[in-house]
Each structure stands twice: as C-alpha cells, then as structure tokens.
Amino acid sequence: MTSNFSPAAVLILGALLVPFFRAKMKSYYVILLPAAAFFLIFQLEPGSSWHAHFFGFDLTFLRVDKLSKVFGYIFTLNAFAAFVYAFYLKDNTQHMAALFYIGSSLGVVFAGDLISLYFFWEIMAVASTFLILARKTDKAQAAGMRYIMVHVFGGLCLLAGIVLTISHTGSIAFDGIAEKNLGTYLILIGFLVNAAAPPFSAWLPDAYPEATVTGGVILSAYTTKTAVYTLVRGFPGWEILIWIGCIMTIYGIIYALLENDARRILAYSIINQVGFMVTGVGIGTMMSLNGTVAHAFCHIIYKALLWMSAGSVLYMTGKSKCTDLGGLYKTMPWTLIFGAVGALSISAFPATSGFTSKSLIIDGAIHEHLAWVWLVLEIASAGVFLHAGIKFPYFVFFAKDKGLRPGETNKSMLLAMAFLSFLCIFLGVFPRPLYNVLPFPVHYNAYSITHVTSQLQLLMFSALVFFLFLPLLKRTETIAIDTDWFYRKGGRLVYQIMDVGLNAINRYSDRVFVQGIAGGLARFSRDGIARITLLPFVTYWYLKGVRFKRLQIKKENLYYNIERGVIPAGIGAGMAALFLVIIFLLS
Amino acid sequence: MTTKKEFDFFDRPENIRKLWIFLYVFCGLTLIPDFFIRREAHFGFDGLPGFYALLGFVSCVALILFSKLVGLVLKVKENYYDK
C-alpha cells in the first residue's frame, strides 16, 4: 500500500498533540513520529502531489524524487536518534519546537516550488530559535535574538530573490537555476546564509553552543543541510560555490583551532564540513553531487553523534569548556568511545562513514582536474583530524585530569549514541545501501589500496603533528572574534560614534541654530516688531513734549503690551495698515 | 571494604611513552606500502612515495602556525562582548 501523505505534515501536525501526552508516553510519542515519517518517505513514489492554489499559483507541497527522498531519510533517521537521546526531556516547548523545525525542514526538501519552499524556510527559522531560547540563560536569550535577526535577513534576501525571479520568468518552479541575475543571486545569498558561508557564518558558532543539550544535537543537522539540499537542487555547477566551499573548509578549521568551548569547536567544524559539500555542488558533476549528498547524509549522523557526546558531558558536568574539562575517560568511557567513533568518522578514517562519502567529492575534483581545489580539500581533510578528530576528544576526555567524576550519562543518551555509532561504522564498511539512494548511479570503490594508504598517511601524520605541537595548542580561556563582531561590538561602536559624533554636532547645532540664529529670529519676531512700532509713537510723544521719566514709562508700557500681544486693537490694526503701506511702497 | 581502583591508564607516564612509540610505529607503517605499490599520479607530484604523509604533516603545521598568528589578533577574553 502506498500513501502520498506529506512527511512534513506528520511532524508538524504531530507536534500539536505533544502537550496531551504525559511523562514517558510523551517521549515514546516524539520518537514514534519521525519513525513513522521515515517509513512514509520510504514508500513514496516519484512524482508530485499535494497541490494547492495560492494567488493564482499552483503550489506543490510534495515533490518526490531521489534527491528529496535521500534527504528525507536522513532527516527523519536523525530525528529518531535525537528524540531517543532526549528521552529524559519532558519539556513541551523544546519537543514542539524541534518537531516544527524538523517538519518544516522536510517541508523545504519536499517543496516543489519557490513559494512553498520559502514558507517552510521561515517556519524553520522561527522554530529553531526556540531551541536556543529554551536554555533560559541570558546568553542564550541574546544569542537567540541575534540568530533570528540573521535569519530574518537571509529570509528577506531569499524573498526578494524569489519575487524578482518569479516576475522575471513568470514561473515559480524550483529546479536547476542557470541564469545569473540579481534575483538568482539574492536567492543564492539567502541559501548561503543558512549554509553558514562566510561572511554570513558567525550566527552558527554564536547560537548553537548556547542551545540546550538536545537543542544543539537537533540544530546541528537541519538548517545547514536543508541549505545544502537547496544548493544541490538549485545551483549545481555554479563555479563561485567551489571557492566559497574551499574558504569554508579552511575557515572552519582555523576557528575551531582557536576555540576553547567544545561545542563551539563542533559548531565551527560544521562550517568546515558544509564547505566540502558546497565545493561538491560547485564542481557540479554527477560524482561530486553524489558526494555532496552522501557527505551530507553521513555528516548529519556523525555530527549529531559528536554533539550528543559533548551534550552528555555538558549534561553530566554542566561544563563545555576545554579548560574546565579533562580526564573524563575514567568516568565516562562509553561517551568517550561513541564520541571517538564520531571523531574518526568526521576525519574520514577508513572503515568509517566519512571515508566513503567525502572521497566522492575529492575524487570529483580530481576527475575535473581541479588541482587547487583538490589540494585545499586534502589540506582541510588533514585539518579536520586535527581540530575535531583529536582536539575535541583529547581535551575533553584526556589531557589534564580536572578532578571531575561525573559518572556515565543516562541510558537513553548512550543508546542513541550507540545507534549512530553503529550507522557510522556500517556506512563506512558497507556504503552500498547509501550509494543506492543517491541521486545518480555510483560506480565507485573507496577501498582501493592506494586510497586507504594515502588517507592513513595523511591522518596519522596529522595526528603526529597534533601531539608534537601540543604545547602550542594549549587551551586558553578566550573566544575568537568572528564576523558577528560587526553586529555585536560594531553595533556598539557605531552607537558610540553616533553618541560622540552626532551629539557633538547636536551641541554645535544647538549653539549656532537654536540659541544663535533661531534665538535671534525669535528675539527679532518679538522685539523687532515692538521696536518698529515704538518708533512712530516715541516720535509722536516727543513732539507732544513728553520727556524723561514719563516718556520712559510710556515706552516701557507700550513695549510690554506689544510683546505680550495685548496692545489695543486699534493700535494693532493701525500698525498692520502701516506695514501694508510700507510693503506696498517698497514693492 | 575495598573500593575499586580507578582506571587511570592514560595518566601513567610509562603508558604515555608506549603511546608515543605506538604513534611513531603506526606512522612508519603507513609509509611501507609506498615502496611496493605505485600510486597513480593525477597532478604529477601526488604520485611520489610518502606524498600524503608529507602533505598531512606540512599542512597541519601550517594550519597550527597560521591559527596561532591570527589568534594574536582574534583571540579575546570571554567577557569581551559583555563589556
């Protein structure tokens, strides 16, 4: 039996029922939803359905092909593991936000047109913010605020791009985009903001580490990978993506090396890994696009695993900084082992999933004879082992014993990590099931003797460098300035410049205009008229023989009356007539 | 009453020495196949024996030194943004 029900709707509608379940039933219920969505996706037939009319446009909420299905599989699979991990959690807000977030990411992946894609894109941004705010710390509130602002900016770029493109082509279809114009570039920027491409990257390491324990696990997968999906769908072969991707790989490594907080290290390594995928999209051949999709698939698994491992440590110790951690291998051995599987996978160690997926992208670069791209990707591969493969587990579980004896984390967390560890090794040893669901046919064997030995050389000598240079890598209680400086500190700097600069201008203006010119005008408008009026009267009184003190009193009385506007009406009318005569004579 | 002795394998100096030896030996072992198999060169220089070992070593040293260098400018105290 097949059913064309939207998997996005399963999670989004399912989220609404979360508050009605109590205690453990709630946990079982949220685990069940992504499992149900997974099987729903499994039996979806290629084609499109769930059409709706919207202002004369034909929207498609369910476009099924190999590309949307493979992302659907991994999104639901990862959600399943994440909710097993979050079994202890009974927080309605977090569960509902997570389900809305994951559901809308499925909505993006299965959206057949730009309008419905945008609709789900924005739900994702809002729902994910709640996973950050749910930490309920001041830092999380502030980071969540910055996070949503960046995504509002990205969403506006996307919206502007979509509007321009629709008015240009008259079509809302979302397929491979060939034409390069303002509209399509704006769409690209909108996607790249979510892919965390520099300079729009700082939101990720700013916000994710402030999220809750399970929030971090869930966030690590969806925003960046839906962006990768949209790039694969919309922008394959755009050369600029090769260079953006290459920059991302190196940028992620450099910042991860500078960071002290374990979850910030993992956040930067997301940017590094997404860099590989973006490069694959830029190369744009069937092999490299397969590589991008396969790598996104494997990356979601091992990155969730790494976030789970760091999350367990945070959950048990309340700490996530390398300088506070160390020596945890004694009391959290399983968390260490599962974390290490994730660390080896992200490093593409043979027999793990990273090895069978990343190689497709690198071989894609070789087949296109892109020597520089290939070299950057190899350097970045070595660097991954350095920052995520060794640095993360070493400083958290080994290094200097800080006397922490938290004990092993809870069983559901370990179960989820065991499940993902199994997938990492399974896909590393038997990649065929994954290769079969990729968008294009795969004729590739990662396990040639030359490939295995060259990868082992690369990684082992990277490890050697890590331990030889350990004194240089000693952690310090610092953070590294990223592009968020411009809207965090830069904003304040702008404020100060405004404060010092503009207020000085204000004071100057006040002196010159308000008190000077305007003051003069004000005085004149009061004074001048009185003085002009006085002129004929004083002359008249003088001629009448009024002198000295009496003249002075008469002058002061009249002046006072004119100034207060209480002169007898006759005099006022007379003066007005006199003015009219003067003006008439002068004109 | 006896408490179970804590597992502290990785804290002992003699074990750390063994791990160092293991690391050197493992690195050495990865080089051996290069004497027997010829790697297909895609760009000329990448077919040389031990090329990937050299690439891994040099690029990691370069990445560490470069991050140290930019760290001089980019690293700030944790409360930098709170001030």
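The structure is a predicted model, in which local features need pLDDT of at least 70 and side-chain atom pairs count only at pLDDT 80 or more, whereas totals for chains, interfaces and linings use all residues. Residues are numbered from 1 along each chain as its sequence is written, and chains are lettered from A and ligands numbered from 1 in the order in which they are written.

The secondary structure of chain B comes to two helices and one strand, with helices (H or I, at least four residues) and strands (E, at least two) taken as DSSP runs numbered from the N terminus. Along the sequence these elements follow the pattern α-α-β. The C-alpha trace of chain B spans about 60 × 50 × 15 Å along its principal axes. The radius of gyration of chain B is 22 Å, whereas a compact globule of 83 residues would have one near 12 Å; the radius is taken over C-alpha atoms, and the globule rule is 2.2 Å times the number of residues to the power 0.38. Of the 83 residues of chain B, 14% count as buried, a residue being buried if 20 or more other C-beta atoms, placed from the backbone, lie within 10 Å of its own, exposed if 12 or fewer, and partly exposed in between.

In the interface, 38 residues of chain B are in contact with 40 residues of chain A, contact requiring C-beta atoms, placed from the backbone, within 7 Å. The elements giving two or more residues to this side of chain B are α1 (13-31), α2 (51-74) and β1 (75-77) of chain B, and α2(B) gives the most, with 16 residues. The side of chain B that touches chain A divides into 23 nonpolar, six polar and nine charged residues, where Ala, Val, Leu, Ile, Met, Phe, Trp, Tyr, Cys and Pro count as nonpolar, Asp, Glu, Lys and Arg as charged, and the others, Gly among them, as polar.

Within chain A, helix α10 (residues 239-258) has 20 residues and reaches 30 Å from its first C-alpha to its last, close to the 28 Å expected at 1.5 Å a residue, the expected span being 1.5 Å times one less than the number of residues. Helix α10(A) is mostly covered, with 15 of its 20 residues buried. By contrast, A:Leu16, found in the loop between α1 (7-15) and α2 (23-42) of chain A, is exposed, with 11 other C-beta atoms within 10 Å.

Terms used: Two residues are in contact if their C-beta atoms, placed from the backbone, lie within 7 Å.
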